[in-house]
Amino acid sequence: MSWGLFHFKCRYFIQKTNEELTLQQANKAFEGSDLHMMYSEKDLTGIQKELFDKIFQLSSITEIKRALNVFSSINLAESLASSKTLKVISNKLSYLEVITAVFIMLITIYKLYVYPAFSDIIQQYPALGNSAFDFASSMWLLGLAVAFLTFMFTFSYRKYIKNIDVLIINKPSRAMKFFISKNVMAEILMLNKIITTPLDINRGDEPFRKKMIAIVEAGLDESVELTSLFGYHSERLELAIWQHFKRMFGVIYTLVILGIAFNIMQIYEPLFKLGEIV
C-alpha cells in the first residue's frame, strides 16, 4: 500500500480538473503517463483504492474537487504509516517474542533432560523432592500455554497497528471493539469523522457536521483545519495506543519472566538439597 501515491494522485486530479478536464479524461491521462511509477510499481490497491474510488461516487464536480483538496492536504502517510510510536511498539513485540522463545527452549530442555535425571535421583533420595517438582509435567504444559498466548498477542497486536489506517477509514469491526481500549476507540472514531468529512458521510453526526459548517462560514480553509485536526487526533491516538500497549505488555512480560524464574528455581533447588545431603 502507498499513501504517497494516493496523495500524488489526488494532487494530479485536482490539477487536471482545474484545467477543465473531465474525470474520465484525467484518469486516462494519468494511466497513460506512468507517473505512478515514481511511488509504486502498481496503481492504488487496498484501502487507498477504496478511499479514492469513494471520491468519484460524489454527485458533483465541486464536491469531488473539495474531497481531492482535503485528501491531498492530510498526510496520511506520515500520520499513520510512519508513526515512530507504532515502530517502537513493533520492536518491543519482537523483543517479547525472543524472550518467549527462550522461555519455551528453557522449559522444554528441563522437561526432556533435566526432569528425567532428577526423577531418578529423587527416587534414591526422596528428601530432594517437593510438591512443585511433582507437577513438573503440568507446569510444562502451562508454560507452553502462556507462550502460545504470548505469540497470539504479539501477532494480533502487530497486525492491529499495521492496519491502523484501515481501522480509521472503515471503522473497527464488532470483534475488534473487544480488543481495543475505549480511549483508542474514541480517537479512531474521531479520525474517521475527519477523514470522511469530504465524502459527506457524517450526516448522522450533527454536532461535528455543524462545527465543520461553522468553520467554513467563518471564512477558514476547510482543508487546513481538517489537516490540523487530523494531526492532533493522530497524536492522541498514538498516545492512547502506547498507554494501552504498556499495560498489556507489562502483564504478559511479567508472566513470561516469572515462568523463567520458576523453572530456574526448579533446576537449582534439587541441586542445593543434594549438596546439603552430601
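Biologist: Where does K171 lie in this model?

Modeller: K171 lies in the loop between α9 (164-170) and α10 (174-177). Please keep in mind as we talk that this is a predicted model.

Biologist: What makes K171 count as partly exposed?

Modeller: Its relative accessibility is 45%. Buried would need a value under 20% and exposed one over 50%, so K171, at 45%, counts as partly exposed.

Biologist: Where does E20 lie, and why does it count as exposed?

Modeller: You will find E20 in the loop between α1 and α2. The cut-off for exposed is over 50%, and E20 has a relative accessibility of 66%, so it counts as exposed.

Biologist: Let's step back to the whole chain. How many helices and strands does it have?

Modeller: The protein chain comes to 13 helices and 0 strands. As for burial, 38% of its 278 residues count as buried. Among contacts between residues at least 6 apart in sequence, 76% join residues at least 24 apart.

Biologist: Why are α1 and α3 called roughly parallel?

Modeller: Helix α1 (residues 3-18) and helix α3 (residues 46-55) pack at an angle of about 20°, with their axes 10 Å apart. Angles under 35 degrees count as roughly parallel, and that makes α1 roughly parallel to α3. The crossing of this pair is right-handed.

Biologist: Which residues make the contact of α1 and α3?

Modeller: From α1 come W3, F6, K9, C10 and F13, and from α3 come I47, Q48, L51, F52 and I55. By type, the residues of this contact divide into 8 nonpolar, 1 polar and 1 charged.

Biologist: L51 is on that list. How do you know that L51 is buried?

Modeller: Buried means under 20% relative accessible area, and L51 has 1%, so L51 is buried. Leaving aside neighbours within four places in sequence, L51 is in contact with W3, F6, F71, L76, I169 and L199. L51 and I195 are 144 residues apart in sequence, while their C-alpha atoms are 9.7 Å apart in space.

Biologist: How does α1 pack with α4?

Modeller: α1 and helix α4 (residues 61-73) pack at an angle of about 140°, with their axes 8 Å apart. The crossing of α1 and α4 is left-handed. The contact is made by F6, H7, C10, R11, F13, I14, T17 and N18 of α1 and I61, K65, L68, N69, F71 and S72 of α4. Its residues divide into 7 nonpolar, 5 polar and 2 charged.

Biologist: Which residues have the most contacts inside the largest nonpolar core?

Modeller: They are F6, I55, F71, Y157, Y160, I164 and I241, in a core of 55 residues. Taking I55, and leaving aside neighbours within four places in sequence, its contacts are C10, I64, A67, L68, F71 and L199. There is also a second, separate core of 6 residues, which includes I99, I107, A147 and I260.

Notes
Residues are numbered from 1 along each chain as its sequence is written. This is a predicted model: local features need pLDDT of at least 70, side-chain atom pairs count only at pLDDT 80 or more; totals for chains, interfaces and linings use all residues. Side-chain values use heavy atoms; hydrogens and water are left out. A nonpolar core is a set of buried Ala, Val, Leu, Ile, Met, Phe, Trp, Tyr and Cys residues joined through side-chain atoms within 4.5 Å. Buried means under 20% relative accessible area, exposed over 50%, partly exposed in between (1.4 Å probe, protein chains only). Contact means heavy atoms within 4.5 Å. Axes are lines fitted to C-alpha atoms, for helices over the stretch in contact, and angles run from 0 to 180 degrees between N-to-C directions. Helices (H or I, at least four residues) and strands (E, at least two) are DSSP runs, numbered from the N terminus. Angles under 35 degrees count as roughly parallel, over 145 as roughly antiparallel, 65 to 115 as roughly perpendicular and the rest as oblique. A crossing is left-handed if the near helix is turned anticlockwise from the far one by less than a right angle, and right-handed if clockwise. Ala, Val, Leu, Ile, Met, Phe, Trp, Tyr, Cys and Pro count as nonpolar, Asp, Glu, Lys and Arg as charged, and the others, Gly among them, as polar.
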